[in-house]
Amino acid sequence: MAEHYSSFQRGGTRWLLQRVTAVFLIGVLAFHFFLLHFVNHASEITFAGTAVRMSQVGYFATMWLFLVTATFHGVNGVYNALINQGLEGTRKNAVKWLLVLASLLLVAQGTRVAIAMTNLV
Amino acid sequence: MSHSYDRGFIEDFGRWREFSAGMWAWIFHKFTGWVLIGYLFTHIAVLSTATASDPAVYTDTLQGLEALVIVRFLEVGLLAVAVFHILNGVRLLFVDLGVGLEAQDRSFYASLVLTGAITVASVPTFVGGVLA
Ligand code: HEM
Ligand code: HEM
């Protein structure tokens, strides 16, 4: 059985970006779970602990990239699934811009939160 | 390049009885992907307590959530979902590269078994403090 199921149109830009972000996410998502459940127990998270981590430039940058790539990958995945369900024309456009807006808001809020977690302000 | 063939309307979940391993892998991958993006929006909303002027709001909110047994179980579920999406995602990336095509079904079962094992092994750490 060599059939190949993918929700994406192979070779397209969105297909490629879905894969590029996936590769990055493998590492950071696993790292994130490991750090916040096994190294630091989730129940022991405090603002002070978060601030120490987020005030390191490397960690901050990693988390911010995590935010951006996860948002893109997740929302692009949802958009793609809706296209497969037969979304077309005006409705497709409306959904597209709605999703773009939701993503921008998520990234903007996530960025505000990330900055508030540092001791920069 | 790739040639296409009529595989039927795969978004038709009503056909689940006819599904092969690859179809299940595809359904699980969708489901876990949607859970993850849903979680991300919720996660940022909860973490937004960090923007309050009093740092205690963030600490109290997170610790309050972690004190609930139900939240701990949801987290175990989230871990299972994330682990499956990662492992199956890696499998999909290999399939795209044309590597291991003949082992597609086996690698899907391997993803399932590994997800189960990692999840079970993590339960003590995840529920530690509220139950154990
Ligand atoms: C139950 C498991 C999880 C816990 C306990 C957790 C906890 C946290 C905490 C405490 C932070 C703040 C940074 C820090 O203290 O180091 C954070 C940030 C973040 N988490 Fe999670 N997380 C979990 C799962 C996830 C998952 C599954 C995703 C992806 C879908 C995710 C995405 C993010 C992102 C993108 C940030 C950065 C937020 C920002 O830049 O504003 N987390 N997480
Ligand atoms: C951690 C590593 C991850 C890997 C290796 C990965 C891999 C993939 C791949 C290869 C696809 C495309 C499947 C296809 O062509 O049908 C996909 C779809 C998707 N992913 Fe991920 N992903 C990861 C993390 C995430 C995260 C963090 C989120 C959520 C924020 C997410 C949400 C989704 C969604 C919503 C889809 C679309 C599912 C559908 O077809 O309906 N993924 N993932």
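Residues are numbered from 1 along each chain as its sequence is written, while chains are lettered from A and ligands numbered from 1 in the order in which they are written. Because the model is predicted, local features need pLDDT of at least 70 and side-chain atom pairs count only at pLDDT 80 or more, whereas totals for chains, interfaces and linings use all residues; side-chain values use heavy atoms, with hydrogens and water left out.

Chain A contains four helices and zero strands, where helices (H or I, at least four residues) and strands (E, at least two) are DSSP runs numbered from the N terminus, and its elements run α-α-α-α from the N terminus on. With a radius of gyration of 18 Å, well over the 14 Å that the globule rule gives for 121 residues, chain A is more spread out than a compact globule; the radius is taken over C-alpha atoms, and the rule is 2.2 Å times the number of residues to the power 0.38. Along the principal axes, the C-alpha atoms of chain A fill a box of roughly 50 × 40 × 25 Å. Of the 121 residues in chain A, 43% are buried, that is, under 20% relative accessible area (1.4 Å probe, protein chains only).

Ligand 2 is surrounded by residues from chains A and B, so the site is shared between chains. The shell comprises 24 residues, of which A:Ser6, A:Ser7, A:Arg19, A:His73 and B:His85 come nearest, a residue being included if one of its heavy atoms lies within 4 Å. Among the polar contacts (pairs of N or O atoms within 3.5 Å), a polar side-chain atom of A:Arg19 lies 2.8 Å from an oxygen atom of ligand 2, and a nitrogen atom of the ligand is 2.8 Å from a side-chain N or O atom of B:His85. The elements giving two or more residues to this shell are helices H1 (13–39) and H3 (57–84) of chain A, together with helices H1 (21–47) and H3 (69–97) of chain B.

Conventions
A polar contact is a pair of N or O atoms within 3.5 Å; within protein, one must be able to donate a hydrogen and the other to accept it, and residues adjacent in sequence count only if both atoms are side-chain atoms. Buried means under 20% relative accessible area, exposed over 50%, partly exposed in between (1.4 Å probe, protein chains only).
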